[in-house]
Amino acid sequence: MFGRLTIDSLPFYSAVAASGAAVTVLGGLAVAGAITYFGAWRMVMTQWVSSVDHKKIGIMYIMLALVMLLRGFVDAAMMRSQQAIAYNSEGYLPPDHFDQIFSSHGTIMIFFMAMPFLSGLANLIVPQQIGSRDVAFPFMNSVSLWLTTAGAGLMLISLVVGKFSTAGWTAYPPYSGVEYTPGVGVDYWLWMVFIAGFGTTMTGINFLVTIIKNRAPGMTMFRLPLFTWTILITSVLIIFAFPALTVACAMLILDRNFGFHFFTNAMGGNMMNYINLFWLWGHPEVYILILPAFGVFSEVVSTFSQKRLFGYISLVLATCAIGLLSFTVWLHHFFTMGSSAKVNSFFGTMTTIISVPTGVKVFDWLLTMYRGRIIFKPPMLFTIGFLVTFVIGGLSGVLLALPPIDYLMHNTTFLVAHFHNMIIPGVLFGYLAGYMYWFPKAFGFKLNEKWGTRAFWCWIVGFYVAFMPLYVLGMLGMPRRMEHYDIAAWQPHLIVAGIGAFIILLGMICLAVQLVVSIRERNQALDLSGDPWNGRSLEWATSSPAAPYNFAVLPKVESRDAWWDMKQRGVAYERPAEYEDIVMPKNTYAGLVIGVAGGVFGFAAIWWMWWLALLSLAVIAAAIIYRASDDDDEFVMTASEVKAIEDERFAQLAKAPKNEMADEPGFAGEPAPEPAE
Ligand code: HEM
Ligand SMILES: [Cu+2]
């Protein structure tokens, strides 16, 4: 009945594990309690979890990402404190537990923090930027959200029932094979990645189609805002890369649970096939994560420099080039695994070539700032912090791209320093900048800037203090993933790194305080105009938050920076003589049902409760059939309803300051002079 699930699967074997489980359970209860206390269940069910509105789906993705950021950070803080004290001592985390923690940290940060954050920003903004009323497949969008959430749910459940994988975020065989790692840990990892991967693949398809098909009249490809361009290329990468991961997971699942031998050392298997498949996804994945952040930086840098983006075409082409090249470098993750010198040099060369289009982008951003009238709001601070720090990380990447150097540095903390140096300023700062930049669009009020600035300073200082020592440690020969060590020279650096993690903790606290303070003082920071930063692209044409249909009348685009152009021509806030009926998709629980059943299926498969697995597959099939045969999936918003909403919007606009940025020191009013391209 319960497969391999027994009472011993509960984490009473260790105090640290039991408290992790307790915090998870109490956290879940607290959320449920809060919803009950505020009498909000009805609202949550009918307006949020069943929603197919891309804006609400985006907000839910970002909420998921922020919760998982907290969880991933707690893991990081535990590792940092363990390593700070574990010189000639066991520290407080036993090896098995430490291994679970680095595995869950990496897995959470990549799959359940960064990926949902990126899907969330894309959902919130892309349809509005292209002048569309929704994504191409609103229902599929809801399924994607709930499958991703199901994966994250399994991640949290693994803290309570059973143990998590100890095989790192990459789950390399043969270690992750059943021979060396029996138990459910690796199966948790495999099934959650497999299930969330379906959601992500569907998101990729959805956004590719949306951007190709749903653009407003006049929005040609070379008028698309840069953020939308990066989401377009990211979607293509998702569609080509994620299947490799899904297949690798499926094969390892077969190996572990059904006696197959794809990746075993015996019986004709070859573990290198897994590692190739994994990085065939894994390297494009880092660009899947970072390109949207580049998109955010592009938007932010031109808005807050009050200038047209410099080198638009070169930024688009560089994005495409990076997307293409990202499929040609995967072997740099295993230079040391014995390929020939020729193969290694090919992949090393390709890797260094990627730095060229990336460098182009950096210069474009710098030249956008050059002679701009920069306004130092928190999103802009994160952008500048990114530019400086990312270049350092890029240089250490070029070093690692050289196979002879990689032979020395492979699996040391030098690598850990390098990729955090790319991923924290490059990915996380980008998403945080996007969060602060687009928050008013989502909720109708701005985030507190003082706390945003404090968060920025803690993050950037904390980053340097936490990760620069790892470069040194790497050169001192410290391997990654060490639970304890007996080399005295390492400890001072690890203590400094621990202090850095503490400063980042302050940054996390500032983010939380910022949110709380902003909600409490929202009436002083209302965004009445929908255009709080004097923006350039179409998402600022809608009200904040946007009406369910975004645009009562689809905008007619006549140039790049469409909204800026409309404001210049004085046609930004024109009202039509008459409104029309708008057909909208109806909310549905089918997406939620598929997600929950997907999560239950994963849990059942992990624990070998095959009857339950079959049952949940049947539920998924039933939900799909129900939804597919339901013809009543749309409703009409009548012209008079639309008019009522728009009347309110224009009444609000009349109250809004004409240009909310006008009080800022350095406000340009007119566009700043453009350097020739
Ligand atoms: C917020 C501050 C962060 C800190 C203090 C931190 C710290 C750490 C530490 C101590 C490790 C283990 C290093 C070792 O193996 O010796 C690690 C590994 C890792 N981190 Fe982070 N990290 C942070 C943020 C992030 C973010 C934002 C991401 C990704 C979006 C990320 C992704 C990873 C990955 C993929 C690994 C490798 C896990 C493995 O070895 O399997 N980290 N991090
Ligand atoms: Cu790579």
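Helices here are DSSP runs of at least four residues, numbered from the N terminus. By that numbering, Met267 falls in the loop between α7 (226-258) and α8 (271-305). The model is a predicted one.

Backbone geometry is taken up here, starting with Met267. Its phi is near 60 degrees, a positive value in a residue other than glycine. Most residues other than glycine have a negative phi, and most peptide bonds are trans. Two cis peptide bonds are described next. One joins Pro173 and Pro174, with omega at about 5 degrees. Pro174 sits in the loop between α5 and α6 (185-213). Another cis bond links Ser544 to Pro545, and its omega is about -10 degrees. Pro545 belongs to the loop between α15 (491-520) and α16 (562-569).

Helix packing follows. Two packed helices are described by the angle between their axes and the distance between the axes. Helix α3 spans residues 54-85 and helix α5 spans residues 138-157. Their axes come within 10 Å and cross at roughly 15 degrees. Angles under 35 degrees count as roughly parallel, so α3 and α5 are roughly parallel to each other. The crossing of this pair is left-handed. On the α3 side, the contact is made by His54, Ile57, Met60, Tyr61, Leu64, Met68 and Arg71. On the α5 side, the contributors are Pro138, Asn141, Ser142, Ser144, Leu145, Trp146, Thr148, Thr149, Ala152, Met155 and Leu156. By class, the contact of α3 with α5 has 11 nonpolar, six polar and one charged residues.

Helix α5 also packs against α4. The axes of α4 and α5 are 11 Å apart, at an angle of about 160 degrees. Angles over 145 degrees count as roughly antiparallel, and α4 and α5 are therefore roughly antiparallel to each other. The crossing of α4 with α5 is left-handed. From α4, the contact draws on Ser104, Thr107, Ile108, Phe112, Pro116 and Asn123. From α5 come Asn141, Thr148, Gly151, Ala152 and Met155. The contact of α4 with α5 has five nonpolar, six polar and no charged residues.

The axes of α3 and α13 come within 12 Å and cross at roughly 140 degrees. That angle makes α3 oblique to α13. Helix α3 passes α13 in a left-handed crossing. Ile59, Ile62, Leu66 and Leu69 of α3 meet Leu428, Tyr435, Ala442 and Phe443 of α13. The contact of α3 with α13 comprises eight nonpolar, no polar and no charged residues.

Trp169 is placed through its backbone: one of its backbone N or O atoms lies 2.8 Å from an oxygen atom of ligand 1. His420 is placed through its side chain, where an N or O atom is 2.8 Å from a nitrogen atom of ligand 1. Arg480 also has a side-chain N or O atom in the list, 3.0 Å from an oxygen atom of ligand 1.

Notes: Residues numbered from 1 in each chain as written. Chains lettered and ligands numbered in written order. Predicted model: local features only at pLDDT ≥ 70, side-chain atom pairs only at ≥ 80, totals over all residues. Heavy atoms only, no water. Axes fitted to C-alpha atoms, helices over the stretch in contact; angles between N-to-C directions. Helix = DSSP H or I, 4+ residues; strand = E, 2+ residues; numbered from the N terminus. Parallel < 35°, antiparallel > 145°, perpendicular 65-115°, else oblique. Left-handed = near helix turned anticlockwise from the far one by under 90°. Contact = heavy atoms within 4.5 Å. Nonpolar A, V, L, I, M, F, W, Y, C, P; charged D, E, K, R; others polar. Polar contact = N/O pair within 3.5 Å; in protein donor to acceptor, adjacent residues only side chain to side chain.
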